[in-house]
Every structure is written in C-alpha cells, then in structure tokens.
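Thanks for coming. I will walk through a few places in one model, and you can follow along on the screen.

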Amino acid sequence: MTVHILAIEDEAKLAAFIELELKYEGYHVTVASDGLSGLKAAREHHPDLVILDWMLPGMSGLEVCRRLRATGDRVPVILLTAKDDISDRVAGLDAGADDYVVKPFSIEELLARVRAQVRRHNEPDPDRLQFSDLSLNRRTREVFRGDRAIELTAKEFDLLEYLIAHPRQVLSRDRILENVWGYDFMGDSNIIEVYVRYLRLKLEAQGEKRLIQTVRGVGYVLRE
C-alpha cells in the first residue's frame with residue numbers, strides 16, 4: 001500500500017518542491033497551505049505521516065500537532081521550522097512532534113527522516129491490538145474508536161482485550177468467564193451479558209457500527 005503523506009506548508013515554492021520530491025520517491029502526497037485546512041485534511045484523510053511547518057497562517061503548526069494528539073491521533077509528525085533554540089525544539093516535541101527539521105534543510109535529510117518515521121510507525125507493537133476502527137493498548141490501557149478515546153473500567157478493559165485478541169472467533173460464555181473472571185468465579189451468571197452491554201454502550205456511543213456480536217446459545221464474537 002502506498003504511504004500517504006500530508007504536507008502542511010504555507011510557502012508555495014517549498015511546498016511544491018517537497019511534494020515533487022515525495023512523489024518522485026513513490027509517496028502519495030496531499031498538500032495544505034494553512035493550519036486549519038491542514039488539521040481538517042489530517043482528520044479527513046488519515047495520512048500515514050504529516051510534515052508540518054511551525055509558522056502557519058490561521059493556526060500554528062504547534063497547535064495543529066496539539067489538537068491531533070488531543071484526539072488520540074498517533075500519526076507521525078515531522079515539524080519544519082526556522083527556530084533552532086533548544087527551548088523551541090523542546091516545545092515542538094512536547095506538543096507531540098516525533099521529529100524536528102530546521103530550515104533551511106537538504107531534501108535528502110528530510111527524505112531520510114521520512115523513511116525513518118515510516119519504518120518506525122510500521123513496526124508492529126505487541127501491546128497494540130487493532131480491529132476495524134477499534135484499537136487497544138495493553139501497556140497504557142487506552143482504547144480508541146477511530147479518533148475517539150473511550151474510558152473503560154478495569155474489567156471492561158479486560159473483557160474487550162480478550163475479545164480483540166481473538167477476532168472473528170466465536171467465544172463461549174464459559175471460555176470468556178474462565179479467561180476474564182477466573183475459573184473459580186462464583187458471582188452472577190449474567191455477568192458477561194452485563195459487561196457486554198456496558199461495552200456496547202461505550203463503543204457505539206456515537207452511532208458506530210456494532211462489533212461485539214451475540215452468537216445465540218453459544219457466546220460472543222468480535223466481527224464486522
């Protein structure tokens with residue numbers, strides 16, 4: 001699959017040059033010329049990487065980066081700027097940027113940093129589980145439906161983790177009970193149904209498609 005890069009740069013000549021070089025390297029490129037349109041493009045197109053100028057009209061690149069991170073967007077961001085002070089670098093990284101390139105720069109350096117970020121982003125994370133637009137991080141215990149963060153209780157998280165670790169597999173109630181609550185659980189026999197209902201309410205709070213399906217007489221399955 002072709003890597004999609006969003007370049008947000010207001011200097012027209014520089015933006016055109018970056019676009020040309022990236023396309024020559026085989027990337028699919030979208031260009032935005034200000035912060036607001038760049039943020040909109042990032043949310044609509046879900047690029048694989050963003051090249052983001054710091055000084056942009058309408059909204060600074062720093063604010064664009066902050067807003068992306070605030071919604072849970074983990075897309076790699078390379079910040080372009082003429083600011084070279086240590087405090088500026090720290091501010092950029094604290095805003096959520098993954099890398100920092102100081103203007104003027106050589107296109108070879110930028111392309112090398114793009115390749116490095118794409119490689120890093122494509123490396124499988126054993127703590128991150130993904131199914132459709134649902135993602136779960138075992139290490140941070142974060143859950144997202146698309147860009148929407150979802151707050152779960154400890155047991156809701158454990159149940160969802162078990163389901164997403166076994167996608168498209170029909171899991172019996174006994175198997176779920178043993179692996180999520182423990183083989184010696186002596187509580188309410190309807191506990192699984194109760195927690196599945198809790199999860200559905202949270203995962204479908206904005207009208208999203210149901211992923212946790214009931215298999216009548218057997219149990220549950222995570223599928224589209």
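His46 sits in the loop between H2 and S3; helices (H or I, at least four residues) and strands (E, at least two) are DSSP runs, numbered from the N terminus. This is a predicted model, where local features need pLDDT of at least 70 and side-chain atom pairs count only at pLDDT 80 or more, while totals for chains, interfaces and linings use all residues. Residues are numbered from 1 along each chain as its sequence is written, and side-chain values use heavy atoms, with hydrogens and water left out.

Back to His46: its phi is near 50 degrees, a positive value in a residue other than glycine. Most residues other than glycine have a negative phi, and most peptide bonds are trans. His46 has 48% relative accessibility and counts as partly exposed. Buried means under 20% relative accessible area, exposed over 50%, and partly exposed in between, with a 1.4 Å probe and protein chains only.

Ser132 also has a positive phi, about 55 degrees, and is not a glycine. Ser132 is in the loop between strand S6 (128-131) and strand S7 (134-137).

Now the peptide bonds. Lys103 and Pro104 are joined by a cis one, with omega about -10 degrees. Pro104 belongs to the loop between strand S5 (99-102) and helix H5 (107-122).

Is Asp53 buried or exposed? Asp53 is buried, because its relative accessible area is 3%. Asp53 is part of strand S3 (residues 49-53). Leaving aside neighbours within four places in sequence, the residues in contact with Asp53 (heavy atoms within 4.5 Å) are Ile8, Glu9, Asp10, Gly61, Leu80 and Lys103. An unreviewed UniProt entry annotates Asp53 as "modified residue: 4-aspartylphosphate". UniProt positions are given in the numbering used here, feature names are shortened, and annotations may be inferred rather than shown by experiment.

Last, a helix pair. Helix H2 (residues 35-45) and helix H3 (residues 61-70) pack at an angle of about 25 degrees, with their axes 10 Å apart. Axes are lines fitted to C-alpha atoms, for helices over the stretch in contact, and angles run from 0 to 180 degrees between N-to-C directions. H2 and H3 are therefore roughly parallel to each other; angles under 35 degrees count as roughly parallel, over 145 as roughly antiparallel, 65 to 115 as roughly perpendicular and the rest as oblique. On the H2 side, the contact is made by Gly35, Leu39, Ala42 and Arg43, and on the H3 side by Val64, Arg67 and Leu68.
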